[in-house]
Amino acid sequence: MTEPWVSVDQVAAHLGVAKDTVYRWIESKSLPAQRVGRLWKFKLSDVDRWVMDGMAAEDAPAVAAKLTSEGE
């Protein structure tokens with residue numbers, strides 16, 4: 001069965017954060033999301049992977065840079 005797409009409300013509840021935080025992460029931290037018309041949709045498996053990769057951390061740009069430099 002295909003994983004369903006979920007809304008900003010569902011992602012916020014899943015992560016225990018405010019909807020505003022989800023919108024901010026889409027813009028500033030590349031939270032994996034797809035725009036469908038005026039709505040944002042997510043796959044929870046992609047969101048969970050993004051969190052586990054440390055991208056939701058306060059210092060996420062530093063984490064991303066570290067991951068990139070380790071891969072070189």
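Hi everyone, let me start with two helices: α1, residues 8-15, packs against α2, residues 19-29, at an angle of about 105°, and their axes are 8 Å apart. The axes here are lines fitted to C-alpha atoms, for helices over the stretch in contact, and angles run from 0 to 180 degrees between N-to-C directions. Helices are DSSP runs of H or I with at least four residues, strands are E runs of at least two, and both are numbered from the N terminus.

A quick word on where this comes from. We are looking at a predicted model, where local features need pLDDT of at least 70 and side-chain atom pairs count only at pLDDT 80 or more, while totals for chains, interfaces and linings use all residues. Residues are numbered from 1 along each chain as its sequence is written, and side-chain values use heavy atoms, leaving out hydrogens and water.

Back to our pair: α1 and α2 are therefore roughly perpendicular to each other. For that wording, angles under 35 degrees count as roughly parallel, over 145 as roughly antiparallel, 65 to 115 as roughly perpendicular, and the rest as oblique. Which residues meet? From α1 we have Val8, Asp9, Val11, Ala12 and Leu15, and from α2 Lys19, Val22, Tyr23 and Trp25. Contact means heavy atoms within 4.5 Å. By class, the contact of α1 with α2 has seven nonpolar, no polar and two charged residues. Ala, Val, Leu, Ile, Met, Phe, Trp, Tyr, Cys and Pro count as nonpolar, Asp, Glu, Lys and Arg as charged, and the others, Gly among them, as polar.

Now, please turn to α3, residues 44-52. Its axis and that of α1 come within 11 Å and cross at roughly 45°. That makes α1 oblique to α3. Here Val11, His14 and Leu15 in α1 meet Leu44, Val47, Asp48 and Val51 in α3. The residues of this contact between α1 and α3 divide into five nonpolar, one polar and one charged.

So what sits in the middle? The largest nonpolar core has 14 residues, and those with the most contacts inside it are Val11, Val22, Ile26, Leu31, Trp40 and Phe42. α1, α2 and α3 each supply at least two residues of this core. Such a core is a set of buried Ala, Val, Leu, Ile, Met, Phe, Trp, Tyr and Cys residues joined through side-chain atoms within 4.5 Å. Buried means under 20% relative accessible area, exposed over 50%, and partly exposed in between, using a 1.4 Å probe and protein chains only.

Let's zoom in on Val22, in helix α2. Is Val22 buried or exposed? It is buried, with a relative accessible area of 0%. Leaving aside residues up to four places away in sequence, Val22 touches Val8, Val11, Ala12, Val17, Leu31 and Phe42. Val22 and Val11 are eleven residues apart in sequence, and 7.5 Å apart in space, C-alpha to C-alpha.

Two serines to finish. Ser7 lies in the segment before α1 and is buried, at 18% relative accessible area. Ser30 is in the loop between α2 and β1, and at 59% relative accessibility it counts as exposed. Most residues other than glycine have a negative phi. Phi of Ser30, however, is positive, near 60°.

Stepping back, the protein has four helices and two strands, in the pattern α-α-β-β-α-α along the sequence.
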